[in-house]
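Please examine the following model with attention to its aromatic contacts, its strand pairing and its nonpolar core. The report below describes these topics in turn.

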Amino acid sequence: QVQLVESGGGLVQTGGSLRLSCAASGRTFSNYVMGWFRQALGKEREFVSSITWNIGRTYYGDSVKGRFTISRDNAKNTVYLQMNSLKPEDTAVYYCAAKLLLKKEYDYWGQGTQVTVSS
């Protein structure tokens, strides 16, 4: 059973930083893409970033490019999202997700972690 457990959310002031973690378990993820998504209150879910587990290729949404960095630690089976220069519009529930490389949709989702950026 695949489990994705996010942590690291919280309250931060504008311009501050947070690092989210996603601990993955239940299978070998070498053929998976790990993604971060977010959903603000009353808005649709938005793609934030993704990384291919095997070679570490990264992708970012336009709204976070240059401010957020995704990475993974193979030994710990953990994916990180370093968020810098945070803005109030980054306030959302952040979700970790996983999918096989060749699939379009993400199959597995974490429970989410709240990030609140105060102005």
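The model is predicted: local features need pLDDT of at least 70, side-chain atom pairs count only at pLDDT 80 or more, and totals for chains, interfaces and linings use all residues. Residues are numbered from 1 along each chain as its sequence is written, and side-chain values use heavy atoms, with hydrogens and water left out.

The structure contains six aromatic pairs. Rings of Phe, Tyr and Trp (for Trp, the six-membered ring) pair if their centres lie within 6.5 Å; planes under 30 degrees apart count as stacked, over 60 as edge-to-face, and the rest as tilted. For Phe 29 and Tyr 32, the ring centres are 5.3 Å apart and the planes stand at 70°, so this pair is edge-to-face. Tyr 32 is buried, its relative accessible area being 4%. Phe 29 also pairs with Trp 53: here the centres are 5.8 Å apart and the planes are at 35°, so the pair is tilted. This second pair links distant parts of the chain, 24 residues apart, since Phe 29 lies in the loop between S3 and S4 and Trp 53 in the loop between S5 and strand S6 (58–60). Strands (E, at least two residues) and helices (H or I, at least four) are DSSP runs, numbered from the N terminus. Trp 53 counts as buried at 5% relative accessibility.

## Tyr 106 and the aromatic cluster

Phe 37, Phe 47, Tyr 106 and Trp 109 are linked into a cluster by ring pairs. Tyr 106 is located in the loop between strand S9 (92–100) and strand S10 (108–109), and its relative accessibility of 15% places it among the buried residues. Beyond its neighbours within four places in sequence, Tyr 106 has contacts that include Val 33, Met 34, Phe 37, Ser 50 and Lys 99; contact means heavy atoms within 4.5 Å. The C-alpha atoms of Tyr 106 and Ser 49 are 13 Å apart, with a sequence separation of 57 residues.

Two members of the cluster also have a charge over the ring, a term that requires NZ of Lys or CZ of Arg within 6 Å of the ring centre and within 35 degrees of the ring normal. Lys 99 lies over the face of Tyr 106, 5.6 Å from the ring centre. Arg 45 lies over the face of Phe 37, at 5.8 Å from the ring centre.

## The four-stranded sheet

An open sheet of four strands has the order S1-S3-S8-S7, with antiparallel pairing; two strands pair if DSSP finds at least two bridges between them. Its edge strands, each pairing on one side only, are strand S1 (3–7) and S7. From one strand to the next, the twist averages 15°, where axes are lines fitted to C-alpha atoms (for helices over the stretch in contact) and angles run from 0 to 180 degrees between N-to-C directions.

Five bridges connect S1 and S3 in the antiparallel sense. Ser 7 has Ser 21 in S3 as its bridge partner, and Glu 6 has Cys 22 in S3. S3 and S8 also run antiparallel and are joined by six bridges; in S8, Val 79 stands opposite Cys 22.

## The nonpolar core

Which residues have the most contacts inside the largest nonpolar core? They are Met 34, Trp 36, Leu 81, Met 83 and Tyr 94, in a core of 27 residues. Such a core is a set of buried Ala, Val, Leu, Ile, Met, Phe, Trp, Tyr and Cys residues joined through side-chain atoms within 4.5 Å. Among the elements giving two or more residues to this core are strand S4 (32–39), strand S8 (78–83) and strand S11 (113–118).

## Positive phi values in loops

Asn 77 is not a glycine, yet has a positive phi of about 50°. Asn 77 is placed in the loop between S7 and S8 and is partly exposed, with a relative accessible area of 23%. Ser 85, in the loop between S8 and S9, likewise has a positive phi, near 50°. The relative accessible area of Ser 85 is 40%, which makes this residue partly exposed.

Notes:
Buried < 20%, exposed > 50% of the residue type's maximum accessible area, 1.4 Å probe, protein only.
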